[in-house]
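Please open the model in your viewer and keep a selection tool at hand. We will walk through it stop by stop.

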Amino acid sequence: MRKITIGILAVSILTVGLVGLIFAQKRGENRGGFAGQEFPPPFLVERISKELGLNEEQKTQANAILASSKERIKPLFESMKQSRQTTKDLGTDGVFDEAKVNQIANSQAETMKQLFVEKEKTKAQLFAILTPEQREKAKQMQEKFGERMK
């Protein structure tokens with residue numbers, strides 16, 4: 001049970017981080033970092049492709065998978081944005097509207113669930129184009145990244 005809770009927490013943090021990064025990109029054009037660039041940044045995709053030893057066909061497939069995923073998550077990020085705008089003024093009048101808060105919380109939970117499903121779908125599609133050796137290398141890279149994030 002603890003592992004499931006930790007797993008859900010980690011995915012939630014990752015998803016919130018991605019949402020924050022994307023919102024920061026939208027607001028922070030010309031501010032440096034990833035601002036104004038596509039996500040994931042092309043240099044990162046190229047670096048991972050190189051480390052895994054992807055051939056040109058695999059690179060093309062991976063880019064298509066990422067582009068497709070990006071299109072599917074756009075409405076989800078828009079939903080999060082609208083939800084954030086709705087909550088901005090909530091309670092600032094000194095009145096707590098529990099029904100409205102619950103409605104927004106449920107909506108956000110559903111959106112986060114859909115983002116999680118989309119992330120896992122995209123991951124599975126990307127792993128499907130890899131050879132068994134590349135899959136093993138990708139798993140090792142994920143573990144390394146996970147260790148750095150602790």
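**Before you start**

This is a predicted model, in which local features need pLDDT of at least 70 and side-chain atom pairs count only at pLDDT 80 or more, while totals for chains, interfaces and linings use all residues. Residues are numbered from 1 along each chain as its sequence is written, and side-chain values use heavy atoms, with hydrogens and water left out.

**Stop 1: the whole chain**

Show everything as a cartoon. You will find five helices and zero strands, in the order α-α-α-α-α along the sequence. Helices here are DSSP runs of H or I with at least four residues, strands are runs of E with at least two, and both are numbered from the N terminus.

Of the 150 residues in the chain, 23% are buried. Buried means under 20% relative accessible area, exposed means over 50%, and partly exposed lies in between (1.4 Å probe, protein chains only).

A contact means heavy atoms within 4.5 Å.

**Stop 2: helix α4**

Select residues 98–128, which form helix α4. Its 31 residues should span 45 Å at 1.5 Å a residue, and the end C-alpha atoms are 45 Å apart, so the two agree. The expected span is 1.5 Å times one less than the number of residues.

Colour the buried residues of α4: Ile 104, Thr 111, Met 112, Leu 115, Glu 118, Thr 122 and Phe 127. As you look along the helix, keep in mind that an α-helix has 3.6 residues a turn, so residues three or four places apart point the same way.

**Stop 3: α3 beside α4**

The axes of α3 and α4 come within 10 Å and cross at roughly 170°. The two are therefore roughly antiparallel to each other. Their contact is made up of eleven nonpolar, ten polar and four charged residues. For these classes, Ala, Val, Leu, Ile, Met, Phe, Trp, Tyr, Cys and Pro count as nonpolar, Asp, Glu, Lys and Arg as charged, and the others, Gly among them, as polar.

Axes are lines fitted to C-alpha atoms, for helices over the stretch in contact, and angles run from 0 to 180 degrees between N-to-C directions. Angles under 35 degrees count as roughly parallel, over 145 as roughly antiparallel, 65 to 115 as roughly perpendicular, and the rest as oblique.

- With neighbours within four places left aside, Ser 83 contacts Ile 104 and Gln 108.

Then try Gln 61 in α3, which is partly exposed at 32%. The C-alpha atom of Gln 61 is 9.4 Å from that of Gln 125, although 64 residues separate them along the chain.

**Stop 4: the loop between α3 and α4**

Where does Leu 90 sit? Leu 90 is in the loop between α3 and α4, partly exposed with a relative accessible area of 31%. Not counting residues up to four places away, Leu 90 touches Lys 100, Val 101 and Ile 104. Ile 104 is a contact of Ser 83 as well.

**Stop 5: helix α5 and its partners**

Select residues 132–148 for helix α5. The axes of α4 and α5 come within 10 Å and cross at roughly 140°, and the pair is therefore oblique. Lys 123, Phe 127 and Ala 128 of α4 meet Arg 135, Ala 138, Lys 139 and Gln 142 of α5.

Ile 48, Glu 51 and Leu 52 of α2 meet Gln 134, Lys 137, Ala 138 and Met 141 of α5.
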